Amino acid sequence: MASFVERHGLWGDDQRACAAELIARIDAGEIETLRFAFPDQHGILRGKTLVAAEAKGALSEGVNLTTTLLLKDTSHKTVFPVFNSGGYQIPGMQGASDFTIVADPATFRILPWTNKAGWVLCDAYSTDGQPSPVSSRQIMTRAVKELDDLGYEFIAGLEVEFHVFRLDDPNMALTDSGQPGTPPTVSLLSHGAQYLTEMRYDRVDDVMELLRVQLQALGLPLRSLEVEFGPSQFELTFSPTVGLAPADLMILVRSAIKQICYRAGYHATFMCRPRIPNVMSSGWHLHQSLRSKATGQNAFVPEVEGTDLSPLGMQYLAGLKAHACGAAALASPTINGYRRYRPFSLAPDRAVWARDNRAAMLRVLGGVGQSATRIENRVGEPTANPYLYMASQLYAGLDGIARQLDPGPSADVPYEAQAELLPRSLGEALQCLRNDACLVEKLGPGFVDYFCHIKEAEIARFNLDVSEWEHREYFDLF
């Protein structure tokens, strides 16, 4: 009888070859467990671990999971009424029914920090073999396909900021359980403020070496390891990759760093602005360009001296600028992330572009004869679901190309430019997304409603909580 993959034609020749190689490695005893992982709506990896004998069959049959995994907010609460007929419903997801995750064998890796464990990234499908309408990896796959049909490939490089602390107490007492539980107690590895100093780097060399060795053993295209400005703040950069690979890379980077650090007695967090004294917000800078499939050349490189990008590149840039507010909720999907957008902070506060200016949202780099010509979008926070963030970039850029938009002049003083202000809160960003007709059409109206519903549930929980600021401000005064 044909397998799930065969019945629905889910693999190409390359994936079948990779699956055969993976099974051969299992048979050779190299792998004793295989982690089937899929990125959920928040870009968090979920899935199941199967022993080797069971994993071989699951490669082609898929692994069944409960659909409530696709309906949770960041506290892991299911925010849709799955057991009643009223309220918001998604077809095929009522009653906590099943969906199927199918491995993409081309993503297989050995996890070097554990014993004979393999890892493979999966796509989410309905039980009838159709791509899940709320699968973020499937959404980016569609965007990449649309670009491919125009004869171009998406090229992206990552700059990722995050914090690493010494784990003093994981807070695992019985009273610490909850949803979410008590966060760990931590202490600093560095005081901060000494940006890129070698002395600071040397003091955290043990952590940097731990990350370097393991990430390179994992086969990730690591370029640099840096001490950032804030206390206990680091930055890693990665070489450009193609198509879906940049998003797959970001998913694996975040998960790997957290696992590696925890095993060594550290706590890594990609939260944008942790609540620690003298903190600096963490950003995720996305470098992007398009490559012509016909020539293999960077399609953003200008040919005329005095121009910043090719005509195609300027149209793509204009699309990013035009949809900056609509895409904000996908670039910065947490309540906390909007604490980063403030003037004169190296984080953008309005939709502008500029030539090599770090205050601008869109920073243009390169020029005539420079193969690395690209656009750096500085708006994202490192918690963003990379598939949704990058899909929004592609759809915005493609709209700019389709309509031959003009981005206008470079903003020489970005924080003073007369330009559309970026959303100042997650709620405002969600409304901007709902109002962006192009992004709603491309992402799918049902998906946008679903995404906003989840995020609005988080906002509602936040608004019900009494903050320390409120208590300090009003408890004694009134």
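Author: A nonpolar core is a set of buried Ala, Val, Leu, Ile, Met, Phe, Trp, Tyr and Cys residues joined through side-chain atoms within 4.5 Å. Buried denotes under 20% relative accessible area, exposed over 50%, and partly exposed in between, with a 1.4 Å probe and protein chains only. The model is predicted: local features need pLDDT of at least 70, side-chain atom pairs count only at pLDDT 80 or more, and totals for chains, interfaces and linings use all residues. Residues are numbered from 1 along each chain as its sequence is written, and side-chain values use heavy atoms, with hydrogens and water left out.

Reader: Which residues touch the most other members of the largest nonpolar core?

Author: Phe36, Ile257 and Tyr450 do, in a core of 134 residues. A second, separate core has five residues, among them Val352, Ala354, Ala360 and Ala411.

Reader: Why is helix 9 called oblique to helix 11?

Author: Helices are DSSP runs of H or I with at least four residues, strands are runs of E with at least two, and both are numbered from the N terminus. Helix 9 (residues 324-331) and helix 11 (residues 426-435) pack at about 125 degrees, with their axes 7 Å apart. Angles under 35 degrees count as roughly parallel, over 145 as roughly antiparallel, 65 to 115 as roughly perpendicular and the rest as oblique; helix 9 is therefore oblique to helix 11.

Reader: What makes up the contact of helix 9 with helix 11?

Author: With contact meaning heavy atoms within 4.5 Å, helix 9 contributes Cys325, Gly326, Ala328, Ala329 and Leu330, and helix 11 contributes Ala429, Leu430, Cys432 and Leu433. By class there are eight nonpolar residues, one polar and no charged. Gly counts among the polar residues, whereas Ala, Leu and Cys count as nonpolar.

Reader: Why does Gln214 count as buried?

Author: Gln214, in helix 6 (residues 205-217), has 17% relative accessibility and therefore counts as buried. Not counting residues up to four places away in sequence, Gln214 touches Pro112, Trp113 and Ile260.

Reader: How is Ser232 classed, buried or exposed?

Author: Ser232 has a relative accessible area of 0% and is therefore buried. Its place is in the loop between strand 9 (222-227) and strand 10 (233-242).

Note on methods
Axes are lines fitted to C-alpha atoms, for helices over the stretch in contact, and angles run from 0 to 180 degrees between N-to-C directions.
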